Amino acid sequence: MYLAISIFDFIVSLVLFPVWLLAALTVRRLGTRPDTRRLRRGARIAVVLTVLGLLLAAGRLLTFSWMAGINWELVGDRRVVTTLLLLLPGVLATLVLSLPKVWSAARRSGPEEPRALAAPRVTVPPQLAAFGALGGFFEKFLPPDRPVALNYPVYGLILVAGASWLILRGRRRAERIAGGTTAPRGTRGRRIAVRLGTTVVVLGVVGTLLTLESQRSRFPDTFSMMKGTMDYGGGTVFAAEGHDGHGAHAGHQGSATGTNANTHALGVHGSGHPAGHSAGTPAAAPVSVDALKGPKTGTPDRRFTLTAQEAKVRLSSGRTVDAWTFNGQIPGPELRMKQGELVEITLVNKLKDTPVSTHWHGLDVPNGEDGVAGVTQDAVQPGGTYTYRFRVKERGTFWYHSHQSSSEQVHRGLFGPMVIDPVEQPRPVDQDVTVQAHTWDTSQGSATALGTSDTLEHRTARPGQKLRLRLINSDVLTRTFTLTGVPYTVTSIDGMDINQPGELTDRRLVVAGAGRLDVEFTMPDTPVRLAYEDSPKAGIAFSADGKGTVEPRFDGDEFDKTTYGKPGSQPFGPRSTYDRTFNLVLDEWLGFYDGTFALRQTINGRVFPDAPMLMVKEGELIRVRFLNRGQEDHPMHLHGHHVLVLSKNGKPLTGSPIWQDTVLVRPGEAWEVAFKADNPGIWMDHCHNFTHAQLGMVMHLAYENVTTPYTVGGKSGNRPD
Ligand code: C2O
Ligand code: CU
């Protein structure tokens, strides 16, 4: 519902201005209509346009109140200004002053009508409405870090000045018409020349402004990932040591909502260095991400080699994929290990011209092993190798993928599952099935496959057998699985166990891009079907004879993690005291990004590389609030930490504690999560829809004293998204 309303609001805000402009021009011309017939026809058109404008404005007002009713922050300063303050005065004046006159002119006009229609009280209100609608038009273009910095009085002043100017102009014109001196100055040819000249000048100015804006949005050739806008989450501002502080301007963000009052209070430090008042705690000694590595010595318990190479792979339907693979297969090989083991993984790059890296999604490894090109390492060039070593703390279902040009590389196949068995399996199963769902570009269009099956796959399962399905969504979009024909339990989310999960039937199992869900069931006598909403004909049918199947169902309720399972012990919760609270508003704005016109995906009105840098100190307890004011799902993934979900739309969770590495924030939703800052480093925190990441939705979590020698762009060619 929020989605539909918000898209409606978006479109209306864009068409409102042209509609009101047309209405205003039509009304204005009524005063100089030469005869009654044309006057009446013009008046009818004016009525239609004006009523359309009024309806659209009423629509904006409705969406405004509806959104404000859900959550005031969804409306924010921006809509207050552009809808209420700028738009409403002109619209109301049109309704009360202008429309009645035009209306009666449309029905029966006498010879004296044209002069009455030239009066400013008739002509000016629609002009004022058009002027106000222009605000809504710009609202979709200008991120709040600039013009919204103007506050209510300033906008009020702009409106009053605009109105006075329009009224004065309208009066003079009305006087001229009344005095019969409406004859335009100059000859026809001259008038045309003047109009042409004006158009050229206006186009020239607009063109220049657009070119400048496009240039301004370009990335510098090389930059540090620490270029971001420092956000201290309402806590202590750190001393400058340990930071290169590139253009840092603390206290500048949060203007999208005005909710970050704490941050605002910190002020702007012109020097580019936060003027630390470290409140007694001395800054920790600076450390480079290169020093934050896994164990350097010790024989690894497991060794793996991942070779990035091209391969042509066949899906079950016969369609082929020209893939970028690890070890020649899609998905890449399943890396299987035990909790607590020391693993050593060597990445070998045999691709042509394509540098790669590998990131262990959801594993809280030491920062230096995180595999993010430009943050924790340089991308591995063709012909090169790179070795990762770490001890696995987690257990459960994870995955790995390249973190260099991720939007392209993951899409084309540089990923695979990672399964970590507990030291002792609490619930042993007879069949442990990893299901990696991905959408491929094939020889015959796009195909969604589970593993390499884009058709129905049959498997044998004896009645009474216990099965575990590890569902992994490596697509950028949210996907829905269903399991038909058997009751089941969701035993873990993002690899983290659910406390006392209850039995479910026919739920829509929604999995965020990059998210995972483990499902367990006991095989009945009848067939069971795992299905995937985006490709309902594919999926896996389990049956005793390996032939049976059942129609998949997609009509159940959505699985709700906020009420699932039983409360259990958790180290912190909604009522804990947090050292820092970061408010992050996710939204979208039209405009230039790195030189191209695009729908930018913003965090507090900013885009990478200027998005917020969440600054923390080791040991602190951190709360993060996400609010999605836009129109798309954002699976927000914080590297190096698991976050505990505290609440959804202000309501605390009532079931099992839910720990995630990727939190899905859907349009209109507000989620609150918390984590302990216990893994020093510089960690990417981004939308796992890599398309959004590429349009700006990338920020970092940075520990006060950690620095990185790596950069993005330039000779390194590093580009994490
Ligand atoms: Cu799955 Cu930044 O990664
Ligand atoms: Cu997103």
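I started with β15, where leucine 467 is the bridge partner of glutamine 431. The model is predicted, so I kept its limits in view: local features need pLDDT of at least 70, side-chain atom pairs count only at pLDDT 80 or more, and totals for chains, interfaces and linings use all residues. Residues are numbered from 1 along each chain as its sequence is written, chains are lettered from A and ligands numbered from 1 in the order in which they are written, and side-chain values use heavy atoms, with hydrogens and water left out.

**Entry: strand β12**

I noted that strands are DSSP runs of E with at least two residues, helices are runs of H or I with at least four, and both are numbered from the N terminus. Two strands pair if DSSP finds at least two bridges between them. I found β12 (residues 431–442) paired with β15 (residues 466–473) in the parallel sense, over seven bridges. I then looked at β13 (residues 445–450), which runs antiparallel to β12 and is joined to it by six bridges. There, histidine 438 stands opposite alanine 449. β12 and β13 form a hairpin, with two residues between them.

Is β12 mostly covered or uncovered? It is mostly covered, with nine of its twelve residues buried. Buried means under 20% relative accessible area, exposed over 50%, and partly exposed in between (1.4 Å probe, protein chains only).

**Entry: an open sheet**

I traced five strands in the order β14-β22-β21-β16-β19, an open sheet with mixed pairing. Its edge strands are β14 (456–460) and β19 (509–511), each pairing on one side only. β16 (residues 479–484) and β19 pair in the antiparallel sense over three bridges. In this pair, threonine 480 has valine 510 of β19 as its bridge partner.

**Entry: the copper ion**

Which residues are the protein donors of the copper ion (ligand 2)? I found His634 (ND1), Cys687 (SG) and His692 (ND1), lying 2.0 to 2.1 Å from it. Donors are N, O and S atoms within 2.8 Å of the metal (3.2 Å for Na, K and Ca); water is not among the atoms, so sites may look incomplete. Along the chain the donors follow the spacing H-x52-C-x4-H. Histidine 634 is in strand β27 (residues 634–638) and histidine 692 in helix α11 (residues 690–694), 58 residues apart. Both histidine 634 and histidine 692 are buried.
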